[in-house]
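Grab a pencil and open the viewer. Try each exercise on your own before reading the solution under it.

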Amino acid sequence: MKATTHALVGGLSGVLVGRPAVAFVAGAVSHVVLDFVPHRDDDRPLHLIADACGVLAVLALAIVAGNIGMTAGVIGGVIPDLENVPDILFKRKGRKFFPSHWWKHESAANSRWTGIEPVVFVAAAAGLVAVVGVF
């Protein structure tokens with residue numbers, strides 16, 4: 001699952017919840033839910049850079065909008081994936097602490113739900129635009 005998708009869904013969760021502490025938890029819970037959607041993780045360098053830029057853009061949007069709930073939700077939605085950074089940088093598989101990272105996401109990636117990530121991405125982005133009223 002792309003970190004940008006986690007940021008969008010976490011941000012939307014945070015907007016809907018509102019209170020920062022609860023929004024952070026809602027973002028982390030949304031991360032778990034999204035990790036159970038069958039998907040392949042992409043660790044190609046250019047894709048990772050583009051994904052990091054996407055996360056920063058969503059975070060910047062939350063900050064510029066002045067929505068602390070959204071900001072907390074974005075952070076809660078993305079922070080679990082920080083434990084994957086050493087694995088990507090050093091090409092190793094380390095111990096995972098976040099529960100939804102304990103199983104191989106790719107093992108179910110050939111199911112009929114594999115292509116759902118773009119739908120989730122667009123729905124979360126549209127939801128954020130509608131709720132925050134950015135445009």
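Predicted model: local features only at pLDDT ≥ 70, side-chain atom pairs only at ≥ 80, totals over all residues.

Residues are numbered from 1 along each chain as its sequence is written, and side-chain values use heavy atoms, with hydrogens and water left out.

**Exercise 1. Work out the overall layout, and find where confidence is lowest and highest.**

Step 1: Read along the sequence, and the pattern is α-α-α-α-α-α.

Step 2: Check pLDDT, the predictor's confidence in each residue, from 0 to 100. The mean for the protein is 81, and 81% of its residues reach 70 or more. Helix 5 (residues 85–90) is lowest at a mean of 74, while helix 4 (residues 68–78) is highest at 95.

**Exercise 2. Check the span of helix 1 and of helix 2 against what their residue counts predict.**

Step 1: Use the rule that the expected span is 1.5 Å times one less than the number of residues.

Step 2: Look just after helix 1, where Gly18 takes a positive phi of about 95 degrees.

**Exercise 3. Is Ser30 buried or exposed, and what does Ser30 touch?**

Step 1: Set the cut-offs: buried means under 20% relative accessible area, exposed over 50%, and partly exposed in between (1.4 Å probe, protein chains only).

Step 2: Ser30 lies in helix 2 and has a relative accessible area of 7%, so Ser30 is buried. Other buried residues of helix 2 include Ala26, Gly27 and His31.

Step 3: List contacts (heavy atoms within 4.5 Å). Leaving out residues up to four places away in sequence, Ser30 touches Val9, Gly10 and Ser13.

Step 4: Now look at helix 1: 13 of its 15 residues are buried, so helix 1 is largely enclosed by the rest of the structure.

**Exercise 4. Which residues make up the nonpolar patch on the surface, and which element gives the largest share?**

Step 1: The patch holds Phe24, Val25, Val29, Val33, Ile75, Ile79, Leu82, Val85, Leu89 and Phe90, with about 920 Å² of accessible area together (Shrake-Rupley method, 1.4 Å probe; for residues, only the protein chains shown count as cover).

Step 2: Helix 2 and helix 5 are the elements that give two or more residues, and helix 2 has the largest share, at four residues.

Step 3: Pick one of them: Val29, found in helix 2, is partly exposed at 47% relative accessible area.

**Exercise 5. How far apart are the C-alpha atoms of Leu48 and Ile88, and those of Ala123 and Val9?**

Step 1: Leu48 is in helix 3 (residues 45–65) and is partly exposed at 26%. Leu48 and Ile88 are 40 residues apart along the chain, with their C-alpha atoms 9.5 Å apart. Beyond four places in sequence, Leu48 touches Asp42, Asp43 and Ile88.

Step 2: Ala123, in helix 6 (residues 117–133), is 114 residues from Val9 along the chain, yet their C-alpha atoms are separated by 8.8 Å.

Methods. Patch = residues over 30% accessible without salt bridge, like charges linked within 9 Å, V, L, I, M, F, W, Y side chains within 5 Å. Salt bridge = Lys/Arg side-chain N within 4 Å of Asp/Glu carboxyl O.
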